[in-house]
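Subject: Structure handover

Hi,

Here is the structure I promised to pass on. Please open it alongside this note, which goes through what turned up.

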Amino acid sequence: MAVVTQSAMTAEPSVTSPKMTARDLNLFYGENQALFDVNLDIVERQVTALIGPSGCGKSTFLRCMNRMNDTIDGVTINGQVTLDNRDIYDKAIDVVQLRARIGMVFQKPNPFPKSIYDNVSYGPRIHGLVNSRDELDEIVMTSLERAGLLKEVKDRLQEPATGLSGGQQQRLCIARAVAVSPEVILMDEPCSALDPIATAKVEELIDELRSNYTIVIVTHSMQQAARVSQRTAFFHLGKVVEVGETDQIFTNPKDERTKGYITGRFG
Amino acid sequence: MSLTFLLLAIAALCALSFYFGRQRAIALSGGRYSNLHSLPAHYGTYTAMWCGLPAILLLLVWHMFQGTIIQGMIISDLPPEILNDSGKLSLALNSIFLLAADNGEHLSVSPEVIDAGKRLASLQIIANVALVVVMISVALVGLAFSYRKISRDMRARNNVERISRYVMIACSGIAILSTVGIVFSLLFEALHFFTKINPLDFLFGLEWSPQTAIRADQVASEGAFGAIPLFVGTLLITLIAMCVAVPVGLFSAIYMGEYASPKFRAFAKPALEILAGVPTVVYGFFAALTVAPFLRDNGAVLGLDVSSESALAAGLVMGVMIIPFVSSLSDDVMSQVPQSLRDGSYGLGATKSETIRNVIFPAALPGIVGAVLLAVSRAIGETMIVVMAAGLAANMTVNPLQAVTTVTVQIVTLLVGDQEFDSAKTLSAFALGLALFLITLGLNVFALKFVQKYREKYD
């Protein structure tokens, strides 16, 4: 298993020029406040893991980063989230284009009930990224390749995606996100519905994708966070309790609550 | 004593036994209900069930056999010369029943028959009194039996559960049996028809004119029973109706399900469903008095010859009638498409309409096809609108501006005529009904299969 532990991470890019930032972000579901003054920086071409007990707001925060919460009624947000120093909640931002720049992979594999090929070509098609069938073929192939799925499916691209195994479906969803050439990929517990072998494959994939994309991953598994991420943020009751290099968070947490959570005293 | 009164008496007994059963359970509990196996109300229900159900079952069985048994008793007393002649026998029985019902004073019949009439009347009275006595006693026996069985450990709750299950089985049995009954009543009359008319002529004949002579000395045509023009008319009107209902219903479903704000939806959805509550006869007025003249007048302006009873008018109005059917079924199907698929599409940067067109609609398509097929079978069977707006002339045409007729319209006109019942004309209505039943049944089965296939995909 080619899982890299980040014990020898020295050349971390400066957090002074983050890819994405959140500043004083508050979110309400109707009357209930789910996020309290969240401040967080996402470093380019790194994996940032969001950990914390259930209901702590980490998935909610993730969905703020590509404005997926817009599709839910009764959500109000104040504060600022930026991508390359531009506020993504600005009125001038086209949310559709924003989501093309910030892809998302969900908890449960959710391939469309179409063929494998059509699943991957869906994004490039709707965004008009290609002019010819050949270009489209190429994007589909490279995306599947990047998601480490090409070898397994290249002889059955026209078969329904729902016939793949759970792990393959999740990697297909990653390929589908990659096909739009996003800058950031958000992953919401991408392995929680997968068996250990499929999980290992997806983790390996995340590690490879890091060279091209900025990745934010929500996970319940602290081992997973330790294995795949370079930075970790610990959420508790809607607040960011502690954020820092993964290594530091897991070996030398500064906050008592972080310590309690990673040592398994609650969560 | 009338049947209503008897049933009321049984109901009163049931209420009483509920009270008794409950009281006894409470008395046995010694003040603490937890001493009992079940709640006191369960014991009450248990006694009420034992009181009412056997009595009602007896009533049903009694009514099934009372007539036959009494008739058998009467017949056995008749003199042999009547018994040996079936014609005389049925005549005599007819007179006997008239006499017994105090309706036979004018009859001139033999004294044996008059005696038999009197005997029948007295037998009927005895039978009715006996029924009352027996039913009330069965109810009381049931009450006493169950009352005595009540004890602290008696599992009244489980018993009530079991008995309720049998009651429900009986109810669904009635529903299924009536379907079977309908099919058989159609089937026998239709077979009767096919002994007079060749089924092939019926199924493939191109001419429909069922006017046969009422009396033997009348001059009339032979009658032609080719059903094709009727089915062509039915399909034409159904097609027009679907052209209205499918796009309008589907788009309104998409709007209601995906775009409308909850507030607007709360108002608009019931408003749309009001359409489903309009009686079809009112749609019929609307088609015949508003839409058809409108089409005729506007057709005249355009130089088209629209007949005043046109397939178009009937089809358009029928389409309006079916809109809520299509829209609420497809709304259900589309709202079953998992949120995760929508999220997946939005997450890739698709807009709402792209998501609906490329993801939700294809995923819901099998279900929508099922909904449309159900709507088609509804349209094919629809009667009142076409009776009022489509006309009677069995024209073999696909021109929507002309009058056509449908299978249902013909069934209505055939059965309200003054033909004798076993003429080919009247019987043909049953053959048409059977054909219609088979077509809609086939469509429904097909539609349900489609919907099922769709369901397997996501569960």
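I start in chain B. B:Gly117 is buried, because its relative accessible area is 2% and the cut-off for buried is under 20%. Bear in mind throughout that this is a predicted model.

Where does B:Gly117 lie? It is part of helix α5 of chain B, which covers residues 111–149. Leaving out residues up to four places away in sequence, B:Gly117 touches B:Ile96, B:Leu99 and B:Ala100. B:Ser95 is worth a look as well. It sits 22 residues from B:Gly117 along the chain, yet the two C-alpha atoms are separated by 7.7 Å.

Domain 1 takes in 3–168, and domain 2 takes in 224–458. Their C-alpha centres lie 47 Å apart.

Now chain A. It has ten helices and ten strands. Its C-alpha atoms fill a box of roughly 55 × 45 × 35 Å along the principal axes. A compact globule of 267 residues would have a radius of gyration near 18 Å; chain A has 18 Å, so the two agree.

Burial and contacts in chain A come next. Of its 267 residues, 54% count as buried. Take the contacts between residues at least 6 apart in sequence: 67% of these join residues at least 24 apart.

Then the surface and the charges. Chain A exposes about 11700 Å², and carbon and sulfur atoms supply 47% of that area.

Most residues other than glycine have a negative phi. A:Asp37 lies in strand β2, residues 32–42. Its relative accessible area is 46%, so A:Asp37 is partly exposed.

A:Arg67 also has a positive phi, near 55°. This residue is found in the loop between α1 (58–64) and β4 (75–83). Is A:Arg67 buried or exposed? It counts as buried, because its relative accessibility is 14% and the cut-off is under 20%.

Best wishes

Note on methods: Residues numbered from 1 in each chain as written. Chains lettered and ligands numbered in written order. Predicted model: local features only at pLDDT ≥ 70, side-chain atom pairs only at ≥ 80, totals over all residues. Heavy atoms only, no water. Helix = DSSP H or I, 4+ residues; strand = E, 2+ residues; numbered from the N terminus. Rg over C-alpha atoms; globule rule 2.2 N^0.38 Å. Buried < 20%, exposed > 50% of the residue type's maximum accessible area, 1.4 Å probe, protein only. Contact = heavy atoms within 4.5 Å. Areas by Shrake-Rupley, 256 points an atom, 1.4 Å probe, with all protein chains shown as cover. Domains from an automatic or database assignment.
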